[in-house]
Amino acid sequence: MEGQSKVIVFRLEDQEYGTDIQKIRSIERLQEVTRIPNVPEFIKGVINLRGEVTPIIDLKERLAMGQTVPTTETRILIVEISDIQLGVIVDAATDVIDLDLSLVDSATGVIHGINESYIEGVAKLEHRLLLLLNLDKVLNKEEINEVKETIEV
């Protein structure tokens, strides 16, 4: 890969992840989430974000990494996936970087424990590895429909 990409860096547990900043509408502090019954566990509920009902998912739970334990650093990344606005809970949003795409390797066969289709690549930075997450693939079509149903209630 060649060129540059602006990437937002966020943390889940002790691992840093990145995703294309163009996918992110905003970064919000964690706020009270209204629970909705009979939805998958990783869908935490909805929030009112500037007058728009926004479903919230726990990214750690979705990636089978356990549940997020809220701290003062916990953030919600507001993203758009399949024409719906969605909030993604992460442990912290730490940085925005210009990523030289020549530093990105394929994740095939390297990443264990997380569905490889979620990972676009691994960026080898000076003192760290950054897993590049494809937020469009974190939810399958059925799950996207379940999320849509939460806001149509």
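How many salt bridges does the count come to? The count comes to eleven, where a salt bridge is a side-chain nitrogen of Lys or Arg within 4 Å of a carboxyl oxygen of Asp or Glu.

The model is predicted: local features need pLDDT of at least 70, side-chain atom pairs count only at pLDDT 80 or more, and totals for chains, interfaces and linings use all residues. Residues are numbered from 1 along each chain as its sequence is written, and side-chain values use heavy atoms, with hydrogens and water left out.

**The sheet**

Five strands form an open sheet with mixed pairing, in the order β3-β6-β7-β5-β4. Strands here are DSSP runs of E with at least two residues, helices are runs of H or I with at least four, and both are numbered from the N terminus. Two strands pair if DSSP finds at least two bridges between them. The edges of the sheet are β3 (24-29) and β4 (43-49), each of which pairs on one side only. On average, and with direction ignored, neighbouring strands of this sheet are turned by 30° against each other. Axes are lines fitted to C-alpha atoms, for helices over the stretch in contact, and angles run from 0 to 180 degrees between N-to-C directions.

Six bridges join β4 to strand β5 (residues 52-58) in the antiparallel sense. Ile-47 has Thr-54 in β5 as its bridge partner.

**Helix α2**

Helix α2 (residues 141-151) lies across β4, β5, β6 (75-81) and β7 (84-90), and runs at about 45° to β4. Buried residues in α2 are Glu-143, Ile-144, Val-147 and Thr-150; buried means under 20% relative accessible area, exposed over 50%, and partly exposed in between (1.4 Å probe, protein chains only). Seen down the axis of α2, the buried residues fall within an arc of 110°, so they line one face of the helix. The arc is that of the directions from the helix axis to the C-beta atoms. An α-helix has 3.6 residues a turn, so residues three or four places apart point the same way.

The buried residues of α2 pack against β4, β5, α1, β6 and β7, contact being heavy atoms within 4.5 Å. Lys-141 and Glu-142, on the other side of α2, are exposed. The N-terminal end of α2 is capped by Asn-140, with a side-chain oxygen 3.1 Å from the backbone nitrogen of Glu-142.

**Salt bridges**

| Glu-13 | Lys-60 | 2.8 Å |

In the salt bridge of Glu-13 with Lys-60, Glu-13 lies in the loop between β1 (4-12) and β2 (15-20) and Lys-60 in helix α1 (residues 59-62), so the pair ties together parts that are 47 residues apart in sequence. Glu-13 is partly exposed at 41% relative accessibility, whereas Lys-60 is buried, at 4%.

Glu-16 counts as buried at 18% relative accessibility, and Arg-128 as partly exposed at 30%.

Glu-143 is buried at 11% relative accessibility, and Arg-62 is buried at 16%.

Asp-136 lies in the loop between β11 and α2 and is partly exposed at 31% relative accessibility. Neighbours within four places in sequence aside, Asp-136 is in contact with Lys-23, Glu-80 and Ile-81. The C-alpha atoms of Asp-136 and Ile-81 are separated by 5.7 Å, although the two residues are 55 residues apart along the chain. The side chains of Asp-136 and Lys-23 are joined by a polar contact of 2.6 Å. A polar contact is a pair of N or O atoms within 3.5 Å; within protein, one must be able to donate a hydrogen and the other to accept it, and residues adjacent in sequence count only if both atoms are side-chain atoms.

Ser-5 lies in strand β1 and is buried, with a relative accessible area of 17%. Leaving aside neighbours within four places in sequence, Ser-5 is in contact with Asp-20, Ile-97, Asp-98, Leu-99 and Leu-101.
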